Amino acid sequence: MLAVCALLSIVLPGVAAAQGTTFDLAGPVLTMRVTRGAVTLPAGEVPSIRPGDRLEVKADLPADQSARYLLIVAFLRGATNPPPKDWFFKAETWDKKPKKATLAITVPEGAEQAIAFMAPETGGGYNALVKAVRGRPGVFVRAAQDLFQASLDRARLETFVGGVARIEESAPERLVPVSTALASTLAIKLDAACLSRARSLQASCLTQNRDGMVLQTGGGTTLAEVLGGTTTQFAYSLAATKEGGGGLYSPYISLARDFARLFGVFRSASYQYAPALAVGSGNRLRLQLNNPPSFQNPQTVLVAPLPPIGNGALPPLRAAMKDAVCLAQPGLTLRLDDAPLLFATGFARELRLRLGLQDGRSVELPVVADAERGGLVVSADARKLAQSAIGEAVLTGRWGFDTFTGPRFPVQNGAPSAWAAKPDDAVVVGRDAPLTLQGGAASCVEQVALRDRSGTAKPVEWKASAPDEITATLPLARVKPGDLTLLVAQYGGAAPAQLTLKGQTEASRLEGFTLYTGDKEGRLVGARLDQVAKLEVAGLTFAAAGLTRDMGGGDRLALTTVGNTETLTLGTSDAKVTLKDGRTTTVRATITPPRPRVELVSRNVEMAWRDGRLPLTLPDHALAPEARLTFSARVINTRLTPTDAIEVATADDTAAAKLTLASGKVQAVGGDVVVASFVPKETLGAAALGALKMRLVQGDMTGEWQPLARVVRLPELERLTCNAEACELRGEALFVIAATSATPDFAAAQPVPVGFVGNALAVPKPVGDTLYLKLHDAPDDVVKVGVAGK
């Protein structure tokens, strides 16, 4: 802390006693007009003057002005080259004759700076001032330069304060966004804590510490860097600290301390010099003082800047926009980066946005610099633009007397009809579906809606994904297939574009089709395969058959053919898939060598019948769950190995088991025949009913399923009792019987009621020694019941 205070005493002498350094005291007003060639501009629109320019300067003092002032304009030519005496011009402001009260001056060749003085009229005062300036011109060169820059900074501050005051009075609820826009546009330090206060206190809080609000801009330093404090000059940073006066003077106001020291060398018993800022508006230069002038000895001579001499450099104008904006959007504002003087002064005029349209025309639209809106407000004329697309948009205008071009802005315009769905107009219904539109001006889209066949329109969420592309999410979860209409509305009042979309169920996701030569059935893998009607490959047509779903959500669809697949060429090719709604697509089909498979050679059934029961004779392929089935099979397209197995399963795959060579349940006979034996109820459990199938399993390779046998439940029949006209069959589990008949052709079959649970059943009288049955588990098979002697 001691080191800082010591530094302050060197850089900013007399800090503790700093008084009157805020330049908030209103001083006299000068009026000035500048003529260059045939063009005359008021002082507030002139950023610089040149040799040969004609100046008309006078003091605008009140009619009852009692103190007499000399208005003196001096031209300088650098710190080391005193100006000639004829570069000083004076006017007696109290004189009623316009020629004496007004200065009409031509800027001399070789002049580099211009400065104005307001000196109290005392005999010899003019000569003393000329002598002082010519004696130490460097002091006044610096005064001309720094006071002009400080005046520009003051203009930024006053624009901010005036804007806050206006919005507080007219629309206090908008104070937060407007003050933020003003601060950003004018490079003003905004106290964020003020925005969290009660609305009635926000405006006074935002403007109470005016001296520390003006930020340094330009000089290659970005506003972001200035805000971060990483590149601010040392003296500027120091002025914002408590030790540096913290609020008594800001970076530009701190110049007053330096001028007090510099002008001190000219102090005499009659005169003292005081700096003044000159804030331009129209043809008026309003002087702002940091100390009250004295009209007693030593009387105060006011020193005020005039525009610098030379080619007025246009501030570096850069568009602060990366994303495209729509010209037809109401209240369009184009933002600039680090251009506060464009908004705080009148230097910029005749602003236009020059548009190069893609139809070859060029259109200019008026632009207004609006600090409260945070940028340049474009007045779009829809009649000039119609719906023409824009090739480029360039800001043009005048900076004082000079014209300028630049920067370029990413501006769009275009017709709603330019939009098209990509890659096509098909959308999937049943879920929210993404849709990409291309070809139009993305920034011009105001809203998107979806209209269904009933005429109901629903809003659609969307976002711009590229300058000419938007991505929408269509609410199709409860929409049925059919035509839909997408409405795309744009700014500018044009009729919305109407795009017809085709709502379709989600297409199958096809991953691949595999067929083993010799098989009649191939396997298609993917998702939503229930939509597949048929598949065509290698001249064969496969029809959709059984569909199964994996635990992970994928589908497996069996497709069968009646054609010969044994001679198909091995390899991969594209197969044509036709969906049930008529759409077609392709899938990769793989034709592989024949699978190892087994063929049934023979089978035998061993059944233990209970004593005292009527004997039953079953077809060769049928057996009871408790019976033992022994079968032999021949393997084809492979050789047996000790790790091979015969897998048996029910037709619906609810029960399956592997009979392995290693377990002894399967015996190999030679190299290509196996013999296996099992009891269905023991091996497959209670689900062992109906058709059984078998296949060969060799590691990960499985053969094609082959039919093996049929398991049926049998009744326990005790006796048949007949009279002259009818018979009665008694026993247990009679509910498994579907029908009875006296003849094998079931010409006069007698059905058994479904769900019958009795122990006695009326049946037809047998023609011979045999009664015929059909069972629920084998409705196409005939079972013989021996009734000889009954």
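In the predicted model, cysteine 727 has a relative accessibility of 5% and therefore counts as buried, the cut-off being under 20%. Cysteine 727 is bonded through a disulfide to cysteine 722, with 1.8 Å between the two sulfur atoms. Cysteine 722 has a relative accessible area of 34% and is partly exposed, because this value falls between the limits of 20% and 50%. The disulfide of cysteine 722 and cysteine 727 is right-handed, since the torsion about its S-S bond is about 110°.

The search of the whole structure gave two disulfides. Besides the link between cysteine 722 and cysteine 727, a disulfide is formed by cysteine 326 and cysteine 444, with an S to S distance of 2.1 Å. This link is also right-handed, with an angle of 95° about the S-S bond.

Threonine 396 is part of strand E18 (residues 390-399). When neighbours within four places in sequence are set aside, the contacts of threonine 396 are Glu350, Leu351, Arg352, Arg354, Phe404 and Thr405.

Open space in the model was also examined. The second largest pocket holds about 670 Å³ of space. Its lining comprises 25 residues, and those nearest the centre of the pocket are Glu521, Arg523, Arg595, Arg695 and Trp705. By class, the lining of the second largest pocket contains 10 charged, eight nonpolar and seven polar residues. Several strands contribute at least two residues each to this lining. These are strand E30 (509-516), strand E31 (521-527), strand E33 (540-549), strand E34 (555-560), strand E45 (690-698) and strand E46 (701-702).

Technical notes
Residues are numbered from 1 along each chain as its sequence is written. This is a predicted model: local features need pLDDT of at least 70, side-chain atom pairs count only at pLDDT 80 or more; totals for chains, interfaces and linings use all residues. Side-chain values use heavy atoms; hydrogens and water are left out. On a 1 Å grid over the protein atoms alone, a cavity is a set of points where a 1.4 Å probe fits but cannot get out, and a pocket is an open set with protein on both sides within 12 Å along at least five of seven lines; lining residues have an atom within 4 Å of a point. Grid points are joined across faces, edges and corners, and a volume is the space filled by probe spheres set on the points. Helices (H or I, at least four residues) and strands (E, at least two) are DSSP runs, numbered from the N terminus. Ala, Val, Leu, Ile, Met, Phe, Trp, Tyr, Cys and Pro count as nonpolar, Asp, Glu, Lys and Arg as charged, and the others, Gly among them, as polar. A disulfide is a pair of cysteine sulfur atoms within 2.5 Å. Buried means under 20% relative accessible area, exposed over 50%, partly exposed in between (1.4 Å probe, protein chains only). Contact means heavy atoms within 4.5 Å.
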